[in-house]
Amino acid sequence: MSSWQGRVRRTLLLTRWRTVQAARAVVYHWRASLQVRVITSTLVVGITALVVLGGYLSDRIRDGLFDQRVQQLLEESARSTQGAQENLSASSVPTEAEVQALFYALIRALKASGSGEPEVWLRRSPGDVPVLVNDVSTADRSLDVLITPELRTTVRSDDLQRWTSVGIPVLDGGVDPGVVIGSVVNVPAAGQYELYYLYSLRPEQTTLSFVQRVLALAGVGLVVLLGAMTWLVTRQAVQPVRTAAGVAERLADGHLAERMTVKGVDEMATLARSFNEMAESLEDQIGRMEEMSHLQRRFVSDVSHELRTPLTTIRMAAEVIHAARGGLDPAAARSAELLTTQLDRFEDLLADLLEISRFDAGAAMLDAERRDVRDVVSRTVEQAVPLAGRRGVWLSVDLPEVPVIADIDPRRIERVLRNLLVNAIEHAEGRPVDVRLAADQRAIALVVRDRGMGMTQDEVEHVFDRFWRADPARARTTGGTGLGLAISIEDARLHGGWLEAWGRSGQGASFRLTLPRRAGIVLEGSPLPLVPERDETPVVASSLGAGLDPAGLPDLDRLGA
Amino acid sequence: MRGRILVVDDDVALAEMIGIVLRSEGFEPLFCAHGDEALGAFRAGQPDLVLLDLMLPGKDGTEICRLIRAESGVPIVMLTAKSDTVDIVLGLESGADDYIPKPFKPKELIARVRTRLRRPDEPTPEHLTIGDLEVDVTGHRVTRAGQLIPLTPLEFDLLVALARKPWQVFTREVLLERVWGYRHAADTRLVNVHVQRLRSKIEHDPEHPEIVVTVRGVGYKAGTDGS
């Protein structure tokens, strides 16, 4: 029992699922295609109109046919009855047997003379003189029920003709429409009799059915025609729109020379012309912007050249003077030293400025290769060791045991890491700096964490700004160009990666670089947390840093965008 | 190791400064400030090395590079202010052996010049075979079936480095150190461009090299069989 119910339920569920799927498909097509929508609406309206009109027409035709036929039958039967009455009145048959015979003859004659051979009944009205002559009829006895007592009462009530609609049972079990017409005749010596005719309306029914069939056929034809017309019309209207959509897509894909073909002078041609004008202006604009970008790049390149050549001369001259400073007086010797160190700074600044303007001009190119990121990290950390030694900072490096292969531009990633490391070491105040590398299927993450003076939330928000310095008062003494992190975040973006910062006053700062392992991977998360766990921070000394308020964390999305 | 060095640069101050530095290291500088005169100065001076600025009035650096290469294998070092990839590759492809990006320090300049002028003094005659080539290391000659194949000193050094250890695959970084004298990882395009140039001279079909073979993802090695 339960298994049977289960099967039924499963079947029901399956059916429902299929229905839902079909409904979804329909809804999808409905929403996706203007043509489907127009055709469907047209068909719905068309079919409704045709059904109403067809119903009304067939109704009117039926009524007309019926009324006309009944009128004709009433006239015919009235004539027959009058004839029969005259016939009966004229006869002078004395015996009952002869009256009976006359009755038989009469109804046969009446049946034969009537159109469509009606069945005829001759019934004696009750409550009159004693029974002398039996009722006669041409019809099968099963049809006697059609002469209902109500009808007979009505017929007897006056001398007029009375009629009613009936259903005639036929042999195959169906019912033919018919009418029964009754009136009263007086038989001399036998009293009052009622004369009934039963006419079949089968021919009219056949005619009506035929007309209805023709109407239905015409309706179906009209609907098909309507559908086809709508399809054609919408196709004419929709096709140019589709073409326009296709061309627009090609334009969006960067094929700026794509145009629509303009045919004729109709609305579609106007659309195509306007569309082409739009594409033209778009192409112009983009061309102009490309040219500007090209000019900008040329300018940067030229400035670079023009600046670098004298800078090289100055640099070499400074080195020569610097090398000979032993023979100079103290002031000149110190000047030579200052000249050399500040030239270094100037050169770094120039290099960073050029790099930033290359990013701004969109001229920065990713020179990616498949590399083990651990090698890049090790090499960069090694280069930072002397600086860490001078600052008394312990560098702890945590690398995975297995190779961390990713598509990176080693020059850029080294630069980012170098920036982060130098920043961390310079702000670490002698406390340890951690470097951690981790990877998952999609991404690699590199976190550089210091436990120095840290940053406030406000500072975190500006840390990637150009020429922004956490502490303006001491900015000039620590060196650096002020562009390091701005370049680093551009480098990360060029890889399709993130560079994010976290900081707390007195707790230090943490920077996380997240890169996709392959070009084209869109980052969804990072293998390493940016915010250090609490037990990991043993040097919480500040009164401000009593606890980590999650609500006070910087907006990472904004930083990593 | 003293040599004549032709400095082709339109910036007179820089040229003079380079001259001062070169002279202080014992080299003998020659100067040329116009692209159109560079080839004449080269022919007249017969320098051991050319320092060539890429942006020059008249003929530009790459053109001069090509002209000098057409008649001599003398080392050419470009001085580039543009760090644009295209310009550097273009310069290397037109025959320069190395490049120094501006601004450079005197020490860098001297180091690059020394490396290119360095002649390894092999006391014993050394003959190597690579593919169907005969390499006379001491005589600085490469022959195929008795016929001399002219190579620049740099191309020769590259070929010798590969031929000496035919069993070893050289990464680009190692080759940069052996042949160009770079201690730190530098521009690996130097290797790519010069391997192409070398192949175009020694391979039967440079599209399908058999003497200097690429090992995908690693580097280059000498072909085991000269077919």
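This is a predicted model: local features need pLDDT of at least 70, side-chain atom pairs count only at pLDDT 80 or more; totals for chains, interfaces and linings use all residues.
You will find B:Gln46 in the loop between α2 (35–45) and β3 (49–53) of chain B. Most residues other than glycine have a negative phi, and most peptide bonds are trans.

Chain B has another case of this kind. B:Ala145 has a phi near 50°, again positive and again not a glycine. B:Ala145 sits in the loop between β8 (141–144) and β9 (147–149) of chain B. Is B:Ala145 buried or exposed? Exposed, because B:Ala145 has 7 C-beta neighbours inside 10 Å.

While we are looking at the backbone, which peptide bond is cis? The one leading from B:Lys102 to B:Pro103, where omega is near -5°. B:Pro103 belongs to the loop between β5 (98–101) and α5 (106–117) of chain B.

One more loop in chain B, please. B:Gly181 is located between α7 (172–180) and α8 (189–202). With 15 C-beta neighbours inside 10 Å, B:Gly181 counts as partly exposed.

Now let's go inside. In soluble globular proteins, nonpolar side chains tend to be buried together. Here the largest nonpolar core contains 60 residues. Those with the most contacts inside this core are B:Val8, B:Ile18, B:Val50, B:Leu51, B:Leu52, B:Leu159 and B:Leu162. Helix α6 (residues 153–164) of chain B is the top contributor, giving seven residues. At least three residues come from each of domain 1 (4–117) and domain 2 (127–222) of chain B.

Take B:Ile18 as a way in. Setting aside neighbours within four places in sequence, B:Ile18 is in contact with B:Val7, B:Pro29, B:Leu51 and B:Leu109. Apart from this core there is another, of 49 residues, including A:Val376, A:Val381, A:Val416 and A:Val447.

B:Val50 leads us to a pair of strands. The bridge partner of B:Val50 is B:Ile76 in β4(B), and β3(B) and β4(B) run parallel, joined by four bridges. Strand β4 (residues 76–80) of chain B is mostly covered, with five of its five residues buried. B:Ile76, B:Met78 and B:Thr80 point one way, while B:Val77 and B:Leu79 point the other way. In a regular strand the side chains alternate between the two faces of the sheet.

Over to chain A. There, five strands make an open sheet with mixed pairing, in the order β7-β9-β10-β12-β11. Which strands are at the edges? They are β7 (395–398) and β11 (498–504) of chain A, each pairing on one side only. From one strand to the next, the twist averages 10°.

Within that sheet, β10 (residues 443–450) and β12 (residues 508–516) of chain A run antiparallel and are joined by eight bridges. A:Asp450 stands opposite A:Ala509 in β12(A). Lying across β9 (433–439), β10, β11 and β12 of chain A is helix α9 (residues 410–427), which runs at about 20° to β10(A).

Chain A also has a strand pair with β6 and β8 in it. Strand β6 (residues 369–372) of chain A pairs with β8(A) in the antiparallel sense over four bridges. A:Arg371 has A:Ala406 as its bridge partner in β8(A). Strand β8 (residues 405–408) of chain A has A:Ala406 and A:Ile408 on its covered face, and A:Ile405 and A:Asp407 on its uncovered one.

Last stop, the place where the chains meet. How many residues of chain B are in contact with chain A? There are 15, and they touch 14 residues of chain A. On the chain B side, the largest share, five residues, comes from helix α1 (residues 12–24). That side of chain B divides into 10 nonpolar residues, five charged and no polar.

That's the tour, and I'm happy to go back to any part of it.

Note on methods
Residues are numbered from 1 along each chain as its sequence is written. Chains are lettered from A and ligands numbered from 1 in the order in which they are written. Two residues are in contact if their C-beta atoms, placed from the backbone, lie within 7 Å. Helices (H or I, at least four residues) and strands (E, at least two) are DSSP runs, numbered from the N terminus. Ala, Val, Leu, Ile, Met, Phe, Trp, Tyr, Cys and Pro count as nonpolar, Asp, Glu, Lys and Arg as charged, and the others, Gly among them, as polar. A nonpolar core is a set of buried Ala, Val, Leu, Ile, Met, Phe, Trp, Tyr and Cys residues joined through C-beta atoms within 7 Å. A residue is buried if 20 or more other C-beta atoms lie within 10 Å of its own, exposed if 12 or fewer, and partly exposed in between; C-beta atoms are placed from the backbone. Domain bounds come from an automatic or database domain assignment. Two strands pair if DSSP finds at least two bridges between them. Axes are lines fitted to C-alpha atoms, for helices over the stretch in contact, and angles run from 0 to 180 degrees between N-to-C directions.
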